[in-house]
Amino acid sequence: MIKNINNFTINLNSTIKTALIKLNISSHKCLLVINDKKKLIGTVSDGDIRKALLKNFNLNNKIKELYNKNPVKIHENKINNEKIKKIFQNKMVDILPVINSANEIILIFTWSDFLETSNPFNQQTLVIIMAGGIGKRLLPLTKFKPKALIEIGNEPMIKRIIEKMIVNGFDNFTISINYKKDLIKKFINRNYPTDVNFNYIEEKKPLGTIGSIKLIKNDTNINYFIVINCDTFVTFDFKEAIMFHQKNNSDITVVTSKKVLRLPFGQIKKTKSNKIINILEKPNFDFILNVGCYILNKNITKFIPNNKPFDAPDLLNKVIKKGLKVYSYDIQDYDWMEIGHLESLSEVSKNLEILK
């Protein structure tokens, strides 16, 4: 049950860009649309936005041009657990607002409040959050707390990742810790119930961006590792990503995203003798970026050395040279955010100010 509804509501006159920002920082894929009087008038989902973008809408279009005007809702006087269960089962909604007689939202139910998680991969998958780094690029913020606990919109980075995973149906976590590890343990113990399983890898020395997973004890029930950096936020469906991984018999699947770099200047191509042979006016360049999230078959850990610093690119290159299968799972640019340095943290913070 959600009582702080501000993160899940959006004004009718907001832009698609604002909606995407808000969807990125929430743990669900739907927002409740309200008017200037804070009355519930509809919903907008990431699916609605994707369809609009395919119809050549742009990020500056208002959501009033695309939102769903018939929201599924329930009145505060009609709250009944069995009735709410049926609504989630029959309507397939992500969140269910509770309204008062003035059509104002007073709280929100999520499907996970009432339904058993349906995730066929949960028992086979271990989610590994890499949270052992010092966070040098975030100094001085990380002088007194680890990077994983730096807050974005009043919520620590690691909390947003964990709750996204829980919404996706995963409840088995291992956290790789080193720098100020006791603060992370204390936060987890204070905030999460016993039905979500947490274990820890404790590095005695820094082991790079992926080296510490060599320390994970063997569990015969686990087939896949989802490895994610503690400063990476993602909104895609991990179940679909694992299905992709399975379908391609991949050994490692790297989550990637295309980034278009638009140069504000014309590009000159010339010969060694300075003869101009071509001019491109403000060209675009496409790059495929590594998001900082991976799906690994468990046996891949045999390629990680013992007790030595080892980074994800080292593992990828080693596995590729061995002739194993490494695939790219592409997500949209707006489906992820990386908050690893002060500039990106500042940008996200500014976006959050827009949402207030």
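Guide: Gladly! A residue is called buried at under 20% relative accessible area, exposed at over 50%, and partly exposed in between, using a 1.4 Å probe and protein chains only. Helices (H or I, at least four residues) and strands (E, at least two) are DSSP runs, numbered from the N terminus. The model is predicted, so local features need pLDDT of at least 70 and side-chain atom pairs count only at pLDDT 80 or more, while totals for chains, interfaces and linings use all residues. Residues are numbered from 1 along each chain as its sequence is written, and side-chain values use heavy atoms, leaving out hydrogens and water.

Visitor: What makes helix α4 "mostly covered"?

Guide: Helix α4 spans residues 157–167, and nine of its 11 residues are buried. The buried ones are M157, I158, K159, R160, I161, I162, K164, M165 and V167. After α4 comes G169, with a positive phi near 95°.

Visitor: Why is L207 called buried?

Guide: Its relative accessibility is 3%, and the limit is under 20%, so L207 counts as buried. L207 sits in the loop between β11 (197–202) and β12 (224–229).

Visitor: Why is the contact of K39 with E104 called a salt bridge?

Guide: Side chains of opposite charge can pair when their charged atoms come close. The label requires a side-chain nitrogen of Lys or Arg within 4 Å of a carboxyl oxygen of Asp or Glu. For K39 and E104 the closest N and O atoms are 3.9 Å apart, so the pair qualifies. K39 lies in the loop between β2 (30–34) and β3 (40–45), and E104 in the loop between β5 and β6, so the bridge ties together parts 65 residues apart in sequence. K39, at 24% relative accessibility, is partly exposed, and E104 is partly exposed too, at 31%.

Visitor: How many salt bridges does a search of the whole structure find?

Guide: The search finds seven. One of them joins K147 to D231, with closest N and O atoms 3.2 Å apart. K147 is in the loop between β7 (125–131) and β8 (151–152), and D231 is in the loop between β12 and β13 (232–234), 84 residues apart. Both K147 and D231 are buried.

Visitor: What makes K136 exposed?

Guide: K136 has a relative accessible area of 63%, and the label asks for over 50%, so K136 is exposed. K136 lies in the loop between β7 and β8. K136 and K147 are 11 residues apart along the chain, and their C-alpha atoms are separated by 8.9 Å.

Visitor: Which residues are linked with K181 in a network of salt bridges?

Guide: The network links K181 with K185 and E202. E202 and K181 have their closest N and O atoms 2.8 Å apart. E202 lies in strand β11 and K181 in helix α5 (residues 181–191), so the pair ties together parts 21 residues apart in sequence. E202 is partly exposed at 34%, as is K181 at 27%.

Visitor: Why is I268 called partly exposed?

Guide: I268 has a relative accessible area of 44%, which falls between the 20% and 50% limits, so it is partly exposed. I268 belongs to strand β15 (residues 267–270).
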